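Q: I would like to learn how to read a structure like this one, feature by feature. Could you walk me through it?

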Amino acid sequence: MRRGWPFYAQLGLTVLLCLFIVVPIVMSALAGVTVNVFKGLSSGLTLRWIFEVWDLYAQSILLSLWLAVACLVVTTLAGVPLAYVLVRRPNRLTRMFEEILTLPVAIPGLALALALLITYGGFGSFRSSWVFILIGHVLFTMPFMVRSVAAVMSAMDMKTLEEGAASLGAGFWHRFLHVIMPNAMPGILAGALMVVTLSIGEFNLTWMLHTPLTKTLPVGLADSYASMRLEIGSAYTLIFFVLIMPLLIAMQMLANPGKKRRAALQPAEDE
Amino acid sequence: MNATAMAQPGSQTVQTEKTGGTRIELARCTKTFPDGTRALLPFDLTINGGETLVLLGPSGCGKTTILRLIAGLEFPDAGGKITFGEDDVTRQSIEKRRVGMVFQSYALFPNMTVAENVAYGLKVQKVERRERDERVRAMLEMMHIDMLADRRIDQLSGGQRQRVALARAIALRPRVLLLDEPLTALDAKLRVKLRTEINSLLRKLGITAIYVTHDQEEAMALGDRIVVMQKGAIAQIGTPREIYRAPLSPFVADFVGASNRLDGRIEQNSLVLGDVKISLDQIGHAMTGDPIKNGDSNSNSRSGQGLADIYFRADGLAICAPDQGQIRGRVEAISYLGEKSRLTVSGIGESVITLDVDPDFQIAIGDDIHCRFNPERLTVFGRYPDARNAAQAM
Amino acid sequence: MALQNLGEGRSRPSFSRYFGVSRSAMASPATFMALMAPGVAIVAAFFLIPLVLVAMEVANGPDGWATYLVILTNARYFESLVQTLLMSAGVTVVALILCGIVGMFLVRNRFAGRSVLIGLLTLPLSFPGTVVGFMVIMLAGRQGAVGGISNALIGEKIVFAYDIAGLFIGYLYFSIPRVILAVMASAEKLDPQLEEAARSLGAPRWRVVRDVILPGLMPGLISSGAICFATAMGAFGTAFTLATDIDVLPMVIYTEFTRNANIAVAAALSIALGVITWLCLSAVRFLVGEKADVTTRGGA
């Protein structure tokens with residue numbers, strides 16, 4: 001394949017864009033382990049800031065992990081059956097519901113948080129518990145779980161599968177647990193990764209919903225950016241990256257499992 | 001290996017010589033992909049002006065790669081040369097080559113109407129508006145789709161799309177028309193109908209055409225000559241009749257539909273199959289010479305001894321009265337096909353054999369039958385250990 | 001109304017209209033209802049009811065129901081709205097151009113390191129807005145990369161993290177992964193033979209782009225542009241972290257709510273913001289006919 005200047009021009013732009021994304025990530029990661037950012041790397045490397053972050057923000061990090069798990073449980077239990085109904089019974093009612101379901105993602109998190117605060121802000125103990133934040137996260141992440149599962153379900157000709165199982169005498173719940181769920185697993189897995197990643201990183205809603213006792217990781221991050229020295233903010237960001245990178249990588253691997261797809265411009269040799 | 005040299009003498013018969021179209025020559029072409037895959041082994045190929053050449057072969061044999069070399073979508077490795085008439089186009093890109101292409105997926109522009117699709121090439125070439133409209137109208141009329149001119153592409157059936165694709169490709173009066181499995185996406189009945197249409201269109205235009213397919217029947221129906229390809233090399237070039245009746249290798253025989261195969265021996269100028277002995281002179285097509293060891297007179301003569309592969313179609317073996325039978329078999333399955341019944345018979349060779357009988361012939365599964373070979377319809381390949389290895393190394 | 005029925009699970013007749021009578025291998029209407037119940041309950045209690053209440057809350061404002069118009073009548077809010085719209089539209093256009101070129105390039109070419117580039121470009125997909133803000137500080141802040149380089153080159157630190165350029169860069173930062181993914185998805189669907197067909201008809205490269213590639217990508221570009229725009233309109237964390245003096249609408253809402261306790265106005269502005277983004281996404285769906293799938297957007 002001969003590659004002319006357009007190839008290299010486009011490659012150049014791609015690399016530039018990549019640098020734009022990656023350089024700040026690397027800089028912040030380095031700053032998090034540098035003794036003094038203002039003096040630069042020559043001041044030496046240290047884990048001091050990481051420990052300091054842990055002392056200051058351990059609670060918020062743990063709360064975020066806990067929220068992500070809880071959010072995953074709720075969205076799976078409620079979302080997988082929802083996806084099943086949306087795929088199996090597509091009609092005006094279910095489509096309308098799907099529309100409503102995805103609205104919390106479409107409208108700004110701030111507006112959603114405001115609505116929740118106005119409605120339930122008066123219930124003191126509820127307002128100040130982690131469940132209040134969980135609700136926001138569930139509303140925001142549920143569409144991702146439902147969409148992801150529904151996509152897999154509609155691709156797998158569930159009608160035939162179910163009819164096959166029914167012809168063998170399986171009742172509905174048996175079919176649901178032993179035929180539908182296992183076959184929808186790739187979608188559930190992809191949805192789960194998305195839900196956990198989004199929940200750990202959610203800020204717009206959480207900033208409004210949190211109380212001093214229910215700070216999550218991103219809330220703590222905003223707090224550290226505003227009031228701590230640069231190294232601590234960086235170290236905290238580094239912890240966030242370490243938490244979230246495996247999830248993102250897993251998601252990318254799940255998205256394209258077969259890397260066998262042949263080069264698009266190489267001739268698809270004789271179908 | 002020089003592929004053209006492999007074709008039997010006289011294979012380029014007079015009927016293929018037409019005038020008007022551009023003569024195309026590929027000389028010493030090879031193609032290696034960036035990842036190192038050798039897609040095409042060195043070959044020469046000449047397509048006469050006005051000829052329809054069919055590239056036939058299984059998936060991955062390199063036939064599409066040859067088409068793309070001629071199109072200018074791929075370039076041959078250094079040393080290869082492609083000429084259109086007197087014009088060396090080896091390094092010319094497709095935009096400049098004046099080729100017409102028809103794709104398997106049709107590749108019609110979904111954002112344009114039928115007429116706009118057909119007009120696109122003329123527009124790019126800045127053909128003046130009035131002439132453009134006139135030519136588009138003529139094209140659409142010729143393809144019998146003038147009533148679809150203002151339709152959108154997604155409102156067309158598969159057959160209509162194929163007609164639009166053809167009209168678009170020939171509107172520019174290209175030097176060569178390249179068709180890449182254009183009928184594969186259609187159902188069987190439509191395929192036959194369009195095949196006939198394409199055939200008469202190509203004759204009418206007298207244009208040089210190269211047609212890629214994996215369908216043996218399509219190749220026979222359309223090609224002035226057929227190039228059978230195998231693993232990046234040309235296995236045989238010849239007219240449909242030559243390919244069908246006189247395949248040069250077991251691969252070609254098998255690929256063009258001689259699906260029955262038996263093991264036999266060659267002894268003293270005869271084919272021996274168990275108790276059956278048939279003189280080689282009676283055999284329709286016998287390739288008993290070792291094509292590699294030409295210098296060795298012993299192995300190159302018909303009297304040479306050795307193993308033989310026998311290929312034949314359903315008409316190579318017929319049921320007969322028990323006293324006239326050469327071999328016996330047992331009916332395993334019967335498929336009623338309307339104008340004939342096809343039997344699956346065991347007990348003759350290692351695997352089952354298919355043969356055809358009159359549909360009214362009274363027979364049942366499990367019956368023993370007696371058969372006679374039709375020597376005219378047999379293809380025999382002498383098998384020599386050396387020839388085999390050499391053939392594999394090709 | 002139908003939804004209420006669904007929630008309470010009473011009126012069988014209207015329910016069976018949607019969920020059918022029990023056929024072979026088809027769960028019974030009651031089962032469908034049971035399957036939907038938890039999800040419906042959550043959405044009804046924590047989304048639909050709050051939505052209605054917040055809409056009514058506006059009436060408690062200084063001007064009653066007219067508070068809804070405050071976004072148009074109050075100069076400060078209106079200016080903020082215009083600024084936010086301009087900013088979001090600008091980011092959308094730039095992101096579409098950059099990601100259109102890069103996405104198409106990544107789909108159409110195979111080379112060593114390609115998947116690494118894709119991986120890196122989509123990395124910030126679920127970075128919260130605050131982190132994106134911090135990334136901008138890392139890039140263009142007082143200790144940032146740009147400042148460091150410019151200091152070495154021209155002896156002067158270029159710092160723009162805290163003005164409108166910084167905000168723009170931040171919005172671009174979180175838009176790129178989403179738009180690239182969407183562009184790549186629609187580029188994958190684009191038949192490469194279309195380009196080959198155009199070239200065989202003599203079209204030079206720029207005409208192939210104009211006549212074939214752009215029209216083919218257009219639905220994908222429009223819908224990913226809409227998602228990009230909607231995300232930018234609602235982005236809060238980035239502006240919050242950068243603490244710019246540019247008042248984007250979400251920042252105004254936040255200030256009204258927390259500092260001024262002006263709940264009615266905050267509610268009215270929130271609803272206006274929600275309606276704008278929702279309208280934008282719906283318009284695209286109407287235009288393109290396909291769904292601008294917000295679930296490819298992630299949080300920002």
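Predicted model: local features only at pLDDT ≥ 70, side-chain atom pairs only at ≥ 80, totals over all residues.

Q: How many helices and strands does chain B have?

A: Chain B contains twelve helices and 21 strands. Of its 394 residues, 41% are buried. Looking again at contacts between residues at least 6 apart in sequence, 69% of those in chain B join residues at least 24 apart.

Q: Now to domains. Into which domains is chain C divided?

A: With domains, note the bounds and then turn to the contact between them. Chain C is divided into domain 1 (2-60) and domain 2 (66-296). Five residues from domain 1 of chain C and eight residues from domain 2 of chain C make up the contact. On the domain 1 side, the residues are three nonpolar, one polar and one charged.

Q: What does the domain assignment give for chain B?

A: For chain B, the assignment gives domain 1 (3-98 + 174-250) and domain 2 (260-393). Notice that domain 1 of chain B is written as two ranges, 3-98 and 174-250. Six residues of domain 1 of chain B are in contact with eight residues of domain 2 of chain B. The side of domain 1 that touches domain 2 in chain B has four nonpolar, one polar and one charged residues.

Q: What about contacts between chains? How many residues do chain A and chain C give to their contact?

A: Here you count the residues on each side, then ask which element contributes. Chain A gives 73 residues and chain C gives 81 residues. On the chain A side, helix H1 (residues 5-31) gives the most, with 13 residues. By class, that side of chain A has 54 nonpolar, 14 polar and five charged residues.

Q: How should I read two helices that pack together?

A: Two packed helices are described by the angle between their axes and the distance between the axes. Take helix H10 (residues 192-200) of chain C and helix H11 (residues 205-234) of chain C: they pack at an angle of about 160 degrees, with their axes 10 Å apart. Angles over 145 degrees count as roughly antiparallel, so H10(C) is roughly antiparallel to H11(C). The crossing of H10(C) past H11(C) is right-handed.

Q: Which residues of H10(C) and H11(C) meet?

A: From H10(C) come Leu194(C), Glu195(C), Ala198(C) and Arg199(C), and these meet Val208(C), Asp211(C), Val212(C), Ile213(C) and Gly216(C) in H11(C). Sorted by class, this contact has five nonpolar, one polar and three charged residues.

Q: Let me try another pair. At what angle do helix H5 and helix H9 of chain C cross?

A: The axes of helix H5 (residues 75-108) and helix H9 (residues 164-189) of chain C cross at roughly 40 degrees and come within 7 Å. H5(C) and H9(C) are therefore oblique to each other. H5(C) passes H9(C) in a right-handed crossing, and the residues of their contact divide into 20 nonpolar, four polar and one charged.

Q: Finally, single residues. Is Met138(C) buried or exposed?

A: Count the neighbours around the residue. Met138(C) is buried, because 26 other C-beta atoms lie within 10 Å and the cut-off for buried is 20 or more. Met138(C) lies in helix H7 (residues 129-140) of chain C. Leaving aside neighbours within four places in sequence, Met138(C) is in contact with Pro24(A), Met27(A), Ser28(A), Gly144(C) and Ala145(C).

Q: And where does Leu273(B) lie?

A: Leu273(B) lies in strand S12 (residues 270-273) of chain B. Leu273(B) counts as buried, with 20 C-beta neighbours inside 10 Å. Beyond four places in sequence, Leu273(B) is in contact with Leu262(B) and Gly264(B). Leu273(B) and Ile348(B) are 75 residues apart in sequence and 9.9 Å apart in space, C-alpha to C-alpha.

How values were computed: Residues numbered from 1 in each chain as written. Chains lettered and ligands numbered in written order. Contact = placed C-beta atoms within 7 Å. Helix = DSSP H or I, 4+ residues; strand = E, 2+ residues; numbered from the N terminus. Nonpolar A, V, L, I, M, F, W, Y, C, P; charged D, E, K, R; others polar. Axes fitted to C-alpha atoms, helices over the stretch in contact; angles between N-to-C directions. Parallel < 35°, antiparallel > 145°, perpendicular 65-115°, else oblique. Left-handed = near helix turned anticlockwise from the far one by under 90°. Domains from an automatic or database assignment. Buried ≥ 20, exposed ≤ 12 C-beta atoms within 10 Å, placed from the backbone.
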